[in-house]
Amino acid sequence: MTDKLIIVESPAKANTIKKFLGGNTKVVASMGHIRDLPKSKLGINIENNFEPEYINIRGKGDLIKELKTDAKNAKKVYLATDPDREGEAIAWHLSNILNVDEKKVTRVTFNEITKTAVQKAIKEPRDIDINLVDAQQARRVLDRIVGYKISPVLWKKVRRGLSAGRVQSVAVKLIVDREEEIEKFIPEEYWNIDEKTNKKFEAKFYGKAGKKQEIHSKEEVDKILFAIKKATYIVEDVKKSEKKRTPAPPFTTSTMQQEASRKIGFSIKKTMSVAQGLYEGVKIQDKGTVGLITYMRTDSTRISEEARATAKTYITETYGKDYYENRYYKTNKEAQDAHEGIRPTYAELEPEKIKDSLTKDQYKLYKLIYNRFMASQMVSAIYDTMSVTINANDYTFKANGQNLKFKGFMTLYVETLDNEEDSENTTIPELEKNQEVVNKKIETKQSFTEPPARYTEASLV
């Protein structure tokens with residue numbers, strides 16, 4: 001007789017958990033879902049309150065028998081599937097199929113696969129959350145109705161083999177809408193006038209008498225050039241200030257997908273697959289199987305106080321106390337906030353230290369997650385900025401410059417944004433009000449407004 005039977009979803013997760021639990025404990029894997037809707041028909045009784053008609057998944061008969069035997073021979077059964085709707089539903093299906101006294105079946109969850117988290121979860125079991133199960137079932141039923149009712153229309157109208165889905169149909173609509181925007185777009189002509197000075201910086205045409213002016217034709221350009229042909233260029237105003245750039249919060253699922261796409265070229269599918277492996281456990285030299293990151297399906301940027309403390313230790317020891325700042329991030333009002341943001345489970349397992357134990361893809365994503373989290377608890381970067389206004393015959397030119405004064409969090413990580421043009425340094429020399437600068441060269445450039453860009457995988461997310 002086994003004291004404890006723990007059922008998880010994957011063998012990798014089972015291997016990671018085994019080493020944390022002593023005594024007469026057995027850890028087995030359900031290999032994902034064990035029951036689902038039948039593939040051969042709709043499988044939903046629409047007339048009877050959309051009741052799903054579940055069947056055992058084909059090919060899982062032997063596994064189900066083994067799980068039933070293991071459950072029968074255990075004093076207590078812990079359903080430790082993933083801590084989300086899908087995991088809750090798998091736990092519910094398991095509890096219905098095991099044929100054992102429901103009093104000896106209980107649910108446990110953990111956001112990270114560490115010894116502390118696993119042992120704490122076993123000590124604090126709970127009932128299955130039927131609201132989460134119902135949420136998953138509603139989603140599954142919607143998937144099936146949309147897929148099975150709309151896909152045949154696509155087969156008739158477009159071609160066989162296509163499928164419509166609850167999510168992909170909306171994504172297609174977004175893409176079609178964007179394509180229509182692009183087709184309807186009418187380009188508009190605009191011109192830039194740049195002045196290159198003897199002080200080795202460039203000022204851009206702004207307008208007349210301090211008011212912003214857009215230039216839309218060659219005639220307008222020629223009029224301005226004629227007016228400033230013999231002008232004296234005088235510095236009208238110099239503004240100096242300090243600008244701070246704050247770090248990005250820890251990853252949520254969607255921000256991780258976007259950054260992995262932009263920074264390391266991962267598809268959404270690949271990102272989630274590699275993250276799943278990092279969460280469930282990787283064999284690390286001299287440490288055995290270790291879960292390296294917290295649960296990777298989350299919409300929250302919240303982090304635990306324990307994680308905050310480990311970040312403080314790592315940052316102050318590695319970079320110095322001037323680089324640490326205890327930061328809290330507001331989670332979106334619509335977020336479920338069921339789990340923490342995505343972060344490393346052990347601060348001491350720096351990416352470089354365990355690189356040899358990881359695949360290339362695991363290393364790239366782990367480094368991204370690790371650095372993003374640590375940077376989120378660091379001080380702001382500081383720039384010295386200068387804004388210069390130059391007057392030439394009542395026409396205004398402006399130049400903006402910035403110098404990175406203190407790197408702060410940027411020592412470790414800088415978030416990438418779509419269409420970002422943000423260099424660290426654009427230097428302007430020391431200038432004084434009423435100082436004359438010599439115009440060395442005037443350059444004009446004709447351009448046309450661009451239509452909205454097609455979605456990349458990251459921007460669609």
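Me: Which residue has its charged end over the ring of Y363?
Reply: In this predicted model, the ring of Y363 has a charged end sitting over it. The distance from that end to the ring centre is 4.6 Å. The residue that supplies the charged end is K355.

Me: What is the distance between R35 and the ring centre of W92?
Reply: R35 is placed over the face of W92. Its distance from the ring centre is 6.0 Å.

Me: How many residues apart in sequence are the parts that F205 and Y395 tie together?
Reply: A search of the whole structure gives ten aromatic pairs. F205 and Y395 form a tilted one, with 6.2 Å between centres and 40° between planes. F205 belongs to strand β10 and Y395 to strand β16, so their pairing joins parts that are separated in sequence by 190 residues.

Me: Are F205 and Y395 buried or exposed?
Reply: Buried residues have under 20% relative accessible area. F205 falls in this class, and so does Y395; both are buried.

Me: What span does helix α9 reach from its first C-alpha to its last?
Reply: Helix α9 covers residues 268–280, which is 13 residues. At 1.5 Å a residue, the expected span is 18 Å. The span in the model is close to this, at 18 Å.

Me: Which residue just after α9 takes a positive phi?
Reply: Several residues of α9 are buried, among them I268, L278 and E280. The elements covering the buried residues include α1, α8 and α11. Just after the helix, a positive phi of about 140° is taken by G281.

Note on methods: Residues are numbered from 1 along each chain as its sequence is written. This is a predicted model: local features need pLDDT of at least 70, side-chain atom pairs count only at pLDDT 80 or more; totals for chains, interfaces and linings use all residues. Side-chain values use heavy atoms; hydrogens and water are left out. Rings of Phe, Tyr and Trp (its six-membered ring) pair if their centres lie within 6.5 Å; planes under 30 degrees apart count as stacked, over 60 as edge-to-face and the rest as tilted. Helices (H or I, at least four residues) and strands (E, at least two) are DSSP runs, numbered from the N terminus. Buried means under 20% relative accessible area, exposed over 50%, partly exposed in between (1.4 Å probe, protein chains only). A charge sits over a ring if NZ of Lys or CZ of Arg is within 6 Å of the ring centre and within 35 degrees of the ring normal. The expected span of a helix is 1.5 Å times one less than its number of residues. Contact means heavy atoms within 4.5 Å.
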